[in-house]
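Please look over the sequence and the model shown here before reading on. The notes that follow are grouped by topic, so that each point can be checked against the structure.

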Amino acid sequence: MTTEEEIASLKSQVAELTHRTGVIEDIQAIRTLHFKYGYYMDKWLFPEIVDLFAENGEFHFLNGIFKGKQGVKRFFGDGFGIDGPTYGVLTDHLQVQDIVDVAPDRMTAKGRFRCFLTGGVHESRKESTPIPSQFWEGGVYENTYVKENGIWKIRVLNYNLSWQAEYEKGWARSEKKLLMVSQFKKTYPDDPRGPDQLKPDPARHWPDATMVPFHYPHPVTGEKGRYSL
Amino acid sequence: MTTEEEIASLKSQVAELTHRTGVIEDIQAIRTLHFKYGYYMDKWLFPEIVDLFAENGEFHFLNGIFKGKQGVKRFFGDGFGIDGPTYGVLTDHLQVQDIVDVAPDRMTAKGRFRCFLTGGVHESRKESTPIPSQFWEGGVYENTYVKENGIWKIRVLNYNLSWQAEYEKGWARSEKKLLMVSQFKKTYPDDPRGPDQLKPDPARHWPDATMVPFHYPHPVTGEKGRYSL
Amino acid sequence: MTTEEEIASLKSQVAELTHRTGVIEDIQAIRTLHFKYGYYMDKWLFPEIVDLFAENGEFHFLNGIFKGKQGVKRFFGDGFGIDGPTYGVLTDHLQVQDIVDVAPDRMTAKGRFRCFLTGGVHESRKESTPIPSQFWEGGVYENTYVKENGIWKIRVLNYNLSWQAEYEKGWARSEKKLLMVSQFKKTYPDDPRGPDQLKPDPARHWPDATMVPFHYPHPVTGEKGRYSL
């Protein structure tokens, strides 16, 4: 090769490597963005959570869609009366099993995570608290992300609460209805804390069969298969 | 340096960076391969799981070795009568604590993961189901992987079930024998769903002491130590 | 651009990519260092744990600071009578939700992790064992790391035990005092297994409100906020 060809080849390789390195950094930024969200949720740091969203961000929960930072803020809002670390309130949100995929232009991304939650209120707490005595919860996130000014933000936080169970009963003998939360009936402003939009059907949860579609194809066959979006 | 030397040096550095970036991508591919396996396990997507294996893949479970895709398919096969998301069946497989190491030629790899399982059947489910009422399970994977045509696949899925405990009793008062599964006594075809090979000894599990050897040396001393392979 | 300028530009890009790739490798080394620590903790491999520390490493636990390898060894020391995998002893330390940040010079780093612990002793174990019958534990690590001779080691292992609960009672009805451990009253050598230094205040734990400050600013606003160091 001539010197010019050598340089052209190197430039091309370096450009490709720069892209690949950028993708890896994006994945790390997004998985830790979600993990940080989890640590904020533990301690009811709701203003911090609202700040994780893009301006046009959304929060999908049960059959409700909260739109824009205003909608997200309406949901998390005042933290249901709890703000920050609080005596006798336990809500540890374990966030695990991250699958993050970045779009070729590195401007959007998708992320799947599992949440496993230990929640409850200590019997010595005097104040009335809108949390069941003690319970387990499992769920799956299928989120989307957007990069704005070089910073990854949540575009859609889509939490699919799969099951809840009171500690004393476990999931085999849990109530069929959810603890603490229920499907939304009205949108905002008819419901002052309601979503901007209702999904046509209530969200399914335990003991019903649930399935959160994968944002990715099968990793070996590359096929979308039965449950990929 | 002459121009030629500069270019030679750059080529060498770019080649090395390309390798290192490839290793990082391999690690990410393998850890998410296992996490995707976990999400498939949640919902009894057994054909999808069989497709994660290489042609000469193996599944090691208890004292059994299932060989080749045929062997793997024989084990997972018809999903023990369950196929996909099912009313009243909970089997969340949390997959965490990934340690992935890629061989220098980037064609094989090893991976250690921890599984923490919440399993059971809701009392409202009418159908007989081959799952205990409600239980916890913990275990460790020490898997190997192979890259075929640029795609990472499972070479050996080696699940070491460490402990199980009925929800009502917990692990301090659990039965000494496993729930739902037991050591294999015969190979296929004498046992139509049996393994291709039996290990010489039954797999140890709680409350016996168990130890799944590490595929890696001590990260600081570099020594193999007491429990590395 | 002239050939010289092209080469200068390539050299600069390759140097930057080399740094970025190194940071990614550092993050992977540190997160797996902690995960390996977790697997060692499962099986009481305490000499292996001591070897994870730098010479001037520290272990912070409750209100005690154990300094240097001698201090760390004094704490973990003889494993409280247990050494390695042991009949009827379960202490699975799930390590999850890693947030690792590497300093610009790539010589030090910080890492936050969550621990979720299933612990206990099987009723069939005859020997007296310094572990409660069966319990849950949750906590958060905020560690620092140092690179020595190219190898990442623990500089400060800072474990913030947040809550413990006996299995039978759960966290809503748990004792207010910790199981198995308690605040240190004296330093070494007045307490032969005591810390080198006492923190001015006892460590807070459930059901008190607890908050382990984040080593990082808010990922979107970049602000330190209420609870960042």
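Predicted model: local features only at pLDDT ≥ 70, side-chain atom pairs only at ≥ 80, totals over all residues.

## Briefing on the two chains

- Most residues other than glycine have a negative phi, and most peptide bonds are trans.
- In chain B, a cis peptide bond with omega of about 5° joins Tyr188(B) and Pro189(B), and Pro189(B) is found in the loop between β6 and β7 (197–198) of that chain.
- Trp44(A), which is not a glycine, has a positive phi near 60°; its place is in the loop between α1 (3–42) and α2 (46–50) of chain A.
- Asn149(A) also has a positive phi, of about 50°, although it is not a glycine, and it lies in the loop between β5 (134–148) and β6 (151–166) of chain A.
- Are these two residues buried or exposed? Trp44(A) is buried because its relative accessible area, 6%, is under the 20% cut-off, whereas Asn149(A) counts as exposed because its 80% relative accessibility is over 50%.

**The contact between chain B and chain A**

- The contact takes in 57 residues of chain B and 47 residues of chain A.
- Together the two chains bury about 4,500 Å², of which 63% is on carbon and sulfur atoms.
- On the side of chain B, the residues that lose the most area to chain A are Tyr39(B), His122(B) and Tyr167(B), which together make up 16% of what that side buries.
- Eight salt bridges are counted between chain B and chain A, and in one salt bridge the side chains of Glu168(B) and Arg173(A) meet at 3.3 Å, N to O.
- The interface also holds 25 residue pairs in polar contact, with both residues at pLDDT 80 or more.
- Among the elements of chain B, α1(B) gives the most to the side that touches chain A, with 21 residues.
- The residues of that side of chain B divide into 25 nonpolar, 19 polar and 13 charged.

**Asp42(B), a buried acidic residue**

- Asp42(B) has its place in helix α1 of chain B, and it counts as buried because its relative accessible area is 5%, under the 20% cut-off.
- Leaving aside residues up to four places away in sequence, Asp42(B) touches Arg114(A), Thr91(B), Asp92(B) and His93(B).
- A polar atom of the Asp42(B) side chain lies 2.7 Å from the backbone nitrogen of His93(B).

Notes: Residues numbered from 1 in each chain as written. Chains lettered and ligands numbered in written order. Heavy atoms only, no water. Contact = heavy atoms within 4.5 Å. Buried area = accessible area lost by both parts, 1.4 Å probe. Salt bridge = Lys/Arg side-chain N within 4 Å of Asp/Glu carboxyl O. Polar contact = N/O pair within 3.5 Å; in protein donor to acceptor, adjacent residues only side chain to side chain. Helix = DSSP H or I, 4+ residues; strand = E, 2+ residues; numbered from the N terminus. Nonpolar A, V, L, I, M, F, W, Y, C, P; charged D, E, K, R; others polar. Buried < 20%, exposed > 50% of the residue type's maximum accessible area, 1.4 Å probe, protein only.
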